[in-house]
Amino acid sequence: MSGTERGRAGGTRTFLIRRLTALLVLTAAAVTALFAAYYGVSRNSAAVSERSTPAILQVAAATDALHAANARAELSLDGPTTDVEGLGEDYRNELSTANQSLAQAVKSTTGGKAARQSLLTIAGLVSSYSDIIEQAYVNRANEDLRNAYLGYATAMLTRDHDGVLARLGTVQEGQQRVLRAQTSFGWLLAFAWWVLVPALFGTLAVLLWRTQRYLRRRFRRLVNPWLAAATALLLAVIPLAFFTHHTQGRLDQARGTLHQTNIGSNGGETTDKVADTLRDTRWRAGVVGWIPLGGAVLAALILVGLQPRIDEYRFQPR
């Protein structure tokens, strides 16, 4: 082999090594960006249905039950059958529902330690509220004293800032913030899907196409099947983008459902509706595990496509 030929071979080999390195680095970057972008949306469907939904519904149920219990107590204390029926089954059922919902809310809250402590405080206040209502009933014959107890109990529920209902509202606002974070397509995800992933995969596709053209000119072969397969594999990003769009749409629907005003009294129906909304997002979320595998296959196709060409230009001794 002459010096000119060796120089040309060395230049080709160096170019191919650099091109292989660039393709592998770009593949790693593109697959990593795709994995992060896809996972950023798909991971939240389970969190919304399994954590945020029950937490929000329990607080809403407790709030509605306390409203209803107080209304029932006022009716019972002012009614003509108070001496016979007492505070009534309806009042006790609503109060029991409120206590049960609070107990479940303490376990399921997504608001963290502060929300859990606040719910424990609220449970104590509700116990005090029921004691005061009982005192109003005991003193039902004394209208002024009865009304004073009833007014104090109602104030415990309805006071601004430190009333039971206001405290529950604060807890619910915190849980709704968590829900918004779980279902929001924030600027990072928007940047990843609208800019980073298209730019990386587009650049990788162009580089693979240019590499194919170079190999066609240099080696007189119409197509490199391995690089052609790698280029075709890049199209997998399209269904993944569609899956992400679908999942995000379902998350938006679930958030809208959990923002409705009547969810406390329709907890079972709301739970079923959210579950139905998010049901077919589960298998799409599982697709995230295939992205690294696809990246490994893509890198292997590029390596198999270029490494034999590189080996052809190893320097041979005279």
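What radius of gyration does the chain have, and what would a compact globule of 318 residues have? I looked this up at the start. The chain has 33 Å, whereas a compact globule of that length would have a radius near 20 Å. I took the radius over C-alpha atoms, and the globule rule is 2.2 Å times the number of residues to the power 0.38.

I note the ground rules here. This is a predicted model, so local features need pLDDT of at least 70 and side-chain atom pairs pLDDT 80 or more, while totals for chains, interfaces and linings use all residues. Residues are numbered from 1 along each chain as its sequence is written, and side-chain values use heavy atoms, with hydrogens and water left out.

**Entry: overall form.** I checked the extents next. The C-alpha trace spans about 120 × 30 × 25 Å along its principal axes. I found 13 helices and zero strands. Helices are DSSP runs of H or I with at least four residues, strands are E runs of at least two, and numbering starts at the N terminus.

**Entry: contacts and surface.** I looked at contacts (heavy atoms within 4.5 Å). Of those with a separation of 6 or more, 81% join residues 24 or more positions apart. The chain exposes about 16800 Å², and carbon and sulfur atoms supply 58% of that area. I used Shrake-Rupley areas with a 1.4 Å probe; for residues, only the protein chains shown count as cover. As for burial, 42% of the 318 residues count as buried. Buried means under 20% relative accessible area, exposed over 50%, and partly exposed in between.

**Entry: cores.** I then searched for nonpolar cores, meaning buried Ala, Val, Leu, Ile, Met, Phe, Trp, Tyr and Cys residues joined through side-chain atoms within 4.5 Å. The largest has 35 residues, and L34, Y38, V197, L208, I302 and L306 have the most contacts inside it. Helices α1 (3-42), α8 (187-219), α9 (225-233), α10 (237-258) and α13 (290-311) each supply at least two of its residues. The largest share, eleven residues, comes from α8. A second, separate core has 31 residues, including A73, V106, L119 and M156.

I followed Y38 further. Leaving out residues up to four places away in sequence, Y38 touches W193, L240, F243, T244, R284, A285, V287, V288 and I291.

**Entry: A199.** Is A199 buried, exposed or partly exposed? A199 counts as partly exposed because its relative accessibility is 41%. A199 sits in helix α8.

Methods. Buried < 20%, exposed > 50% of the residue type's maximum accessible area, 1.4 Å probe, protein only.
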